[in-house]
Amino acid sequence: MKLLEGGNVFKDAAGKPATQRINQADVPATIRWVEGVLGMQFPQDRWLGSTGRAATSGDLDLAVDLQDATKDQIAAALTQYVQKNGQDPRDWVRKGGEVHLKTPIAGNARNGFVQTDFMFFDNVEWGTFFYAGGTDSAYKGMVRNVLMSSLAKHLGLRVGANGMFSRTTNQLVRDGLDPDYVAQTLLGAGRDRDDLKNVEIIYQNLARDPERDAKLKDFREYLAREGLAEPDQAVQESDVNFLARLRNRIVNQGMMPLVEAPDTVQMIAEAETAGVGGRAKGIEHLEDLVFRRGTQGIQDALTIVQQAIEQPSTVTAKWDGKPAVIFGRKPATGEFVLTDGSGFEAKGYDGLATSPRMMADIQSRRSGDRTELIQLYAQLFPVLEAALPAGFRGYVKGDLLYMDTPPEVSGNYVFRPNTIEYKIPVRSALGQRIGASKIGVAIHSMYSDVGEPRQPLRGVSFNPVPGLMLERPATPKQLEVEPALVKQLKALVRSEGAAINTLFNPAELRANKITDLAKLAVDFINTKVGAPLNPATLLPEFGDWLQTRVTPQKFRNIVEYLQSPTSNTAALAAAFTAFILLHDLKMDLLRQADAQHPGQEGWVMATPAGYAKAVNRFDPNAFAAQNRAQNNPKS
């Protein structure tokens with residue numbers, strides 16, 4: 001009864017899928033491109049499964065009438081087209097039980113590729129009916145077909161891909177390829193193919209059938225094996241009861257057990273990022289990447305960690321200074337500039353102050369009393385200009401730590417530039433630099449020009465200026481990765497990666513009116529900052545928190561989305577498991593770096609693969625907890 005889809009037939013050189021899911025809006029243009037290649041038409045009644053019906057589809061399934069073209073003819077036409085365009089047909093066309101084509105989405109390779117499966121039928125009317133998919137249903141088309149088979153079995157019949165047959169003679173019954181006749185046989189006189197459209201409609205037609213329970217016997221056993229609810233039971237079960245069952249499942253079964261991967265698994269390669277939960281401003285926590293980018297976020301995190309291990313100089317201490325300062329020399333003229341983040345990114349006005357007066361004018365346009373800031377920047381202007389060599393081009397970014405030598409308390413220099421209080425031993429190397437200075441700025445990154453991406457600070461030699469400490473970020477000399485955690489994460493990507501990506505697919509979320517599901521997960525995580533993290537209760541607590549955070553209707557939408565398909569529930573559990581594993585991996589690196597340079601707020605991994613920060617968020621005594629308490633004193 002299973003729809004024999006081709007799966008990921010096409011792989012790249014690294015063995016990864018060369019095709020992707022396609023959004024519903026791109027389906028018509030993509031099929032038109034296929035029609036142009038083959039010179040034949042595929043009207044919508046030839047679109048099978050979820051093609052053009054669901055918000056996204058894993059591939060395009062198209063029905064071909066064998067009276068119009070054979071499998072060999074379709075394969076030959078596609079091969080000829082590919083060769084004509086100078087490509088290797090082995091990378092584009094495959095022939096097996098079906099014919100598969102690597103297809104440019106909307107006819108443009110820049111959009112990526114989707115797999116098209118051509119399915120061949122002696123009777124295309126029956127074929128398109130049987131493989132129509134779960135149209136307007138919470139159940140997939142395969143589930144609908146299992147239900148039809150259960151009804152047929154009660155009558156001594158069998159329904160399958162080739163029509164309706166007698167179980168006694170194995171012969172096709174008269175009119176067994178007519179969907180309307182099959183509907184009348186299974187459901188009664190006056191019914192037609194529309195009454196077999198999906199599981200819910202079939203159940204409606206069975207509501208008054210005296211043999212209903214007997215007809216549904218096999219189907220109910222199938223639902224129990226698959227962990228699916230009947231349509232009427234799914235309606236009766238309350239949202240709260242569903243989350244209670246979910247909570248019990250997670251607490252009783254646990255989140256952490258994973259099948260470890262074989263030792264032969266290759267390292268995950270660098271890949272482009274995708275916006276699942278939306279990119280937050282600033283640098284992400286390593287563990288949040290799973291909610292921001294789905295499976296790609298896990299892969300990105302592993303790549304960032306691997307590069308941090310290979311290049312520990314890319315891992316730098318994170319200071320909690322204020323305000324941020326950006327200073328440098330214009331690439332075109334060499335003119336000195338001192339500004340802040342808002343001025344550097346300004347649109348509609350020139351925020352690159354070339355004099356204290358210009359900086360005062362910029363600050364005075366903003367709300368609030370800016371007198372202190374104007375004086376601060378006026379003091380910084382000549383000092384930072386003197387520190388920057390005349391031949392330098394570009395901009396340096398940093399955070400102000402203090403404007404006067406910090407007081408000494410019990411053998412430590414103590415200062416609080418923002419929300420974090422630092423205690424630096426007077427006799428340490430850093431303490432000696434602090435004691436010899438009046439102004440301290442932690443510099444950490446740079447830009448080649450306005451509008452260009454931020455990059456690690458490198459290749460800059462500053463002029464010495466009396467009383468100024470430009471503190472470059474501390475870096476660990478060596479880091480090691482915990483192989484067991486990496487192995488578990490890779491196993492998780494293999495076993496649950498597709499389900500996680502389906503769960504956070506933007507088109508699916510839009511269709512269910514819960515576009516911010518991934519962001520809600522991150523928001524929930526942030527409520528746990530400063531409290532011990534309990535992996536066993538994290539997911540159930542998310543369900544409880546949702547009830548207080550979203551409207552009742554949105555809460556119901558989320559519950560229904562997790563219920564159907566049931567793999568969405570498993571995917572959410574897997575995403576939280578990935579979060580925990582990435583957190584543990586990050587904490588291991590953080591402890592190693594702290595042992596080499598104690599007293600830091602946290603660390604930033606600024607690798608070629610991307611940026612992520614390692615901060616102890618869930619220790620009540622850690623810097624992150626102090627930060628949150630300062631900003632939310634009532635929380």
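Guide: Rings of Phe, Tyr and Trp count as a pair if their centres lie within 6.5 Å. Keep in mind that the model here is predicted.

Visitor: Okay, which residues form one aromatic cluster?

Guide: That would be Phe291, Phe504, Phe524, Phe542, Trp545, Phe576 and Phe579.

Visitor: And how many aromatic pairs does the structure hold?

Guide: There are 25 aromatic pairs.

Visitor: How do I read a single pair?

Guide: A pair of aromatic rings is described by the distance of the centres and the angle of the planes. Take Phe327 and Phe462: their ring centres are 6.4 Å apart and the planes meet at 50°, so this pair is tilted.

Visitor: Where do Phe327 and Phe462 lie?

Guide: Phe327 is in strand β11 (residues 324–329), while Phe462 is in the loop between β18 (455–456) and β19 (468–471), so the pair ties together parts 135 residues apart in sequence.

Visitor: Are Phe327 and Phe462 buried or exposed?

Guide: Both Phe327 and Phe462 are buried. Phe344 belongs to helix α13 (residues 341–344) and Tyr447 to strand β17 (residues 439–447), so to speak distant parts of the chain, 103 residues apart. Phe344 and Tyr447 are buried.

Visitor: What about charges and rings? Which ring does the charged end of Lys102 sit over?

Guide: The ring of Phe113, with the charged end of Lys102 4.8 Å from the ring centre. Arg144 has its charged end over the ring of Phe129, 5.0 Å from the centre.

Note on methods: Residues are numbered from 1 along each chain as its sequence is written. This is a predicted model: local features need pLDDT of at least 70, side-chain atom pairs count only at pLDDT 80 or more; totals for chains, interfaces and linings use all residues. Side-chain values use heavy atoms; hydrogens and water are left out. Rings of Phe, Tyr and Trp (its six-membered ring) pair if their centres lie within 6.5 Å; planes under 30 degrees apart count as stacked, over 60 as edge-to-face and the rest as tilted. Helices (H or I, at least four residues) and strands (E, at least two) are DSSP runs, numbered from the N terminus. Buried means under 20% relative accessible area, exposed over 50%, partly exposed in between (1.4 Å probe, protein chains only). A charge sits over a ring if NZ of Lys or CZ of Arg is within 6 Å of the ring centre and within 35 degrees of the ring normal.
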